[in-house]
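Welcome! Here is a short tour for anyone meeting this structure for the first time. Take a look at the sequence and the model, then read on.

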Amino acid sequence: MDPIRFEPLLKRIRWGGTRLGTALGKQLGSETDYAESWEIADHGADQSIVAAGPLAGLTLQELLQQHNEAVFGRHSGRDQFPLLIKFLDANDRLSVQVHPDDAKARTFDPTENGKTEAWVIIDAEPGSRLYAGLRTGVTPDDLQSAIAAGTLEQCLHSFEVSAGDCVFIPAGTVHAIAEGILLAEVQQSSDLTFRLYDWGRTGDDGKPRELHIEQALMCTDFELGPVNCAIPQLIEHGQELVSCEYFTICRYSEPGQVQLPDDNRFHILMGLSGEASLMAGSRVEYLKLGQTLLLPATRESSTINLSVGNTVLDV
């Protein structure tokens with residue numbers, strides 16, 4: 001099966017901006033609150049649609065129903081694509097939130113998964129920060145008291161980030177993305193989010209947005225403590241940024257060729273800078289900044305060709 005491109009699902013949320021268009025080349029409307037581009041999604045009604053080729057028009061769920069083994073290989077039999085792949089433009093600060101793990105997720109919704117995720121920073125304005133994890137020693141009582149007093153920020157671990165940084169956010173980690181950050185996100189296929197704090201803001205109706213404090217406290221892992229940038233591990237032609245039970249993320253940026261392994265599983269390629277090319281058998285695909293390709297498990301020999309200034313994520 002050839003590499004597959006999907007039409008992006010664009011999400012407008014109050015904290016979004018316009019850089020999904022200006023920086024990543026997405027086709028936006030005239031609005032200025034485009035927050036997320038869902039690149040590969042199989043989550044209920046949110047379905048990626050194949051953009052071109054003989055499979056054009058199929059949703060990702062239909063693709064899995066008709067070509068399950070070709071897509072999944074040694075993981076065939078799954079009835080849902082396990083990952084949700086996104087680009088995010090945080091033009092404003094996101095709420096402070098937490099996601100459940102698999103077991104807790106299913107107590108809220110039997111059809112949902114937990115949400116472990118990772119962020120790779122594409123661009124960050126000077127001084128831009130991430131909030132990731134609680135400060136050492138923060139207890140549930142401390143957190144509840146700080147929420148009531150409007151001082152939750154004092155409980156949060158935060159740090160400045162710049163382009164190239166990667167942060168791994170296990171389920172149960174209290175977190176927020178501050179303004180000025182453009183990033184790629186790899187996560188479990190889940191949309192369960194519980195909001196702890198919204199910086200005192202109000203919604204379009206002038207009222208504070210709904211918080212989910214009881215659920216969030218149930219899902220918070222108070223043993224995690226502060227979370228910092230991942231330390232890349234050197235591999236041939238690049239770096240391994242994250243490896244967990246749900247996904248592995250490698251980054252390739254050295255000029256040359258990267259032969260993808262014949263490992264009988266799907267791969268996802270995301271363009272983070274420049275324009276790389278992929279040779280899949282006799283077929284050539286180009287991967288620009290902001291573009292994503294799904295390489296099915298059953299594929300021809302595939303080689304990424306990198307020039308100076310190219311960066312590609314391999315999931």
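**A first look**

The protein exposes about 13,800 Å², and carbon and sulfur atoms supply 46% of that area. Please keep in mind that this is a predicted model.

**Overall shape and build**

- You will find six helices and 25 strands in the protein.
- The C-alpha trace spans about 60 × 40 × 40 Å along its principal axes.
- The radius of gyration is 20 Å, which agrees with the value near 20 Å that a compact globule of 315 residues would have.
- Of the 315 residues, 52% are buried.
- If you take the contacts between residues at least 6 apart in sequence, 73% of them join residues at least 24 apart.

**Charges**

- The protein carries 24 positive and 45 negative side chains.
- The centres of these two sets lie 3 Å apart.

- Histidine 237 has a phi near 75 degrees, a positive value in a residue other than glycine.
- Histidine 237 has a relative accessible area of 29%, so it counts as partly exposed, a class that runs between the 20% and 50% cut-offs.
- Asparagine 264 is not a glycine either, yet its phi is positive, at about 55 degrees.
- Asparagine 264 is partly exposed because its relative accessibility is 34%.

- With a relative accessible area of 33%, proline 226 is partly exposed.
- Which residues does proline 226 touch, not counting residues up to four places away in sequence? They are Ala132, Gly133, Leu134, Arg135, Thr136 and His157.
- Tyrosine 131 is 95 residues away from proline 226 along the chain, and the C-alpha atoms of the two are separated by 9.1 Å.

How values were computed:
Residues are numbered from 1 along each chain as its sequence is written. This is a predicted model: local features need pLDDT of at least 70, side-chain atom pairs count only at pLDDT 80 or more; totals for chains, interfaces and linings use all residues. Side-chain values use heavy atoms; hydrogens and water are left out. Buried means under 20% relative accessible area, exposed over 50%, partly exposed in between (1.4 Å probe, protein chains only). Helices (H or I, at least four residues) and strands (E, at least two) are DSSP runs, numbered from the N terminus. The radius of gyration is taken over C-alpha atoms; the globule rule is 2.2 Å times the number of residues to the power 0.38. Contact means heavy atoms within 4.5 Å. Accessible areas come from the Shrake-Rupley method with a 1.4 Å probe; for residues, only the protein chains shown count as cover. Lys and Arg count as positive and Asp and Glu as negative; His and the chain ends are not counted. The place of a charge is taken as NZ of Lys, CZ of Arg, CG of Asp or CD of Glu.
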